[in-house]
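Here are my notes on the model, as numbered points. Have the structure open while you read.

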Amino acid sequence: MATFIKAQAASLTATVVDFTMTILLKEVFHCWYLVASIIGTISGGVVNFMMNRSWVFLAHDKKIHFQAVKYILVWVGNLVLVSGGIFFLTKYGGWSYIVSKITVSVIVGVFYNYVLQKRFVFK
């Protein structure tokens with residue numbers, strides 16, 4: 001249970017980075033919401049990988065390049081799921097991009113990211 005709580009704290013930190021970048025790019029620099037979201041997701045992904053490796057799963061003694069390759073595989077799936085969900089809910093559901101991003105990110109984070117990072121990336 002402690003690992004799950006730490007993973008959620010790391011995820012929350014990465015989410016703050018992700019959303020800050022997304023909103024900054026969309027609202028200040030007027031990027032298309034999907035491009036802003038993808039760049040935010042990349043930024044948060046880097047933060048999440050480093051925190052999970054060194055703090056959550058204590059896997060800093062293993063080869064980083066193997067972990068990075070596995071993480072990228074999982075992260076590409078995350079990027080597709082989150083971006084697709086945001087696009088669908090925003091374009092076809094009429095939701096705000098922020099509400100779409102929050103909704104999809106929470107669902108994907110708990111049911112996809114945590115499980116695959118624990119059982120595949122940092123095992």
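1. A definition before anything else: contact means heavy atoms within 4.5 Å. Leaving aside neighbours within four places in sequence, Leu81 is in contact with Val104, Val108 and Tyr112. Leu81 is found in helix H3, where helices are DSSP runs (H or I, at least four residues; strands are E, at least two), numbered from the N terminus. With a relative accessible area of 42%, Leu81 is partly exposed; the scale is buried under 20%, exposed over 50% and partly exposed in between, with a 1.4 Å probe and protein chains only. From Leu81 to Val121 the separation is 40 residues in sequence and 18 Å in space, C-alpha to C-alpha.

2. Some housekeeping. This is a predicted model, so local features need pLDDT of at least 70 and side-chain atom pairs count only at pLDDT 80 or more, while totals for chains, interfaces and linings use all residues. Residues are numbered from 1 along each chain as its sequence is written, and side-chain values use heavy atoms, with hydrogens and water left out.

3. Next, the salt bridge. The count comes to 1, where a salt bridge is a side-chain nitrogen of Lys or Arg within 4 Å of a carboxyl oxygen of Asp or Glu. The side chains involved are those of Asp18 and Lys101, at 3.0 Å, N to O. Asp18 lies in helix H1 and Lys101 in helix H4, so the pair ties together parts that are 83 residues apart in sequence. Asp18 counts as buried at 10% relative accessibility, and Lys101 counts as buried at 1%.

4. What sits beside that pair? Thr41, in helix H2, is in contact with both Asp18 and Lys101. Beyond its neighbours within four places in sequence, Thr41 also has contacts with Trp75, Asn78, Leu79 and Val82. Thr41 is buried, at a relative accessible area of 5%. Phe111 is 70 residues from Thr41 in sequence and 17 Å away in space, C-alpha to C-alpha.

5. Arg53 is in helix H2, and its contacts outside four places in sequence include Leu58, His60, Lys62, Gln67 and Phe122.

6. Two backbone angles to check. Most residues other than glycine have a negative phi. Leu58, in the loop between H2 and H3, has a positive phi near 45°. His30, in the loop between H1 and H2, has a positive phi of about 55°. His30 is exposed, with a relative accessible area of 66%.

7. Finally, the largest pocket, with about 490 Å³ of space. A pocket here is an open set of points on a 1 Å grid over the protein atoms alone, where a 1.4 Å probe fits, with protein on both sides within 12 Å along at least five of seven lines; lining residues have an atom within 4 Å of a point. The volume is the space filled by probe spheres set on the points. There are 26 lining residues, with Ser11, Thr15, Ser105, Gly109 and Asn113 nearest the centre. Helices H1, H2, H3 and H4 each supply at least two lining residues.
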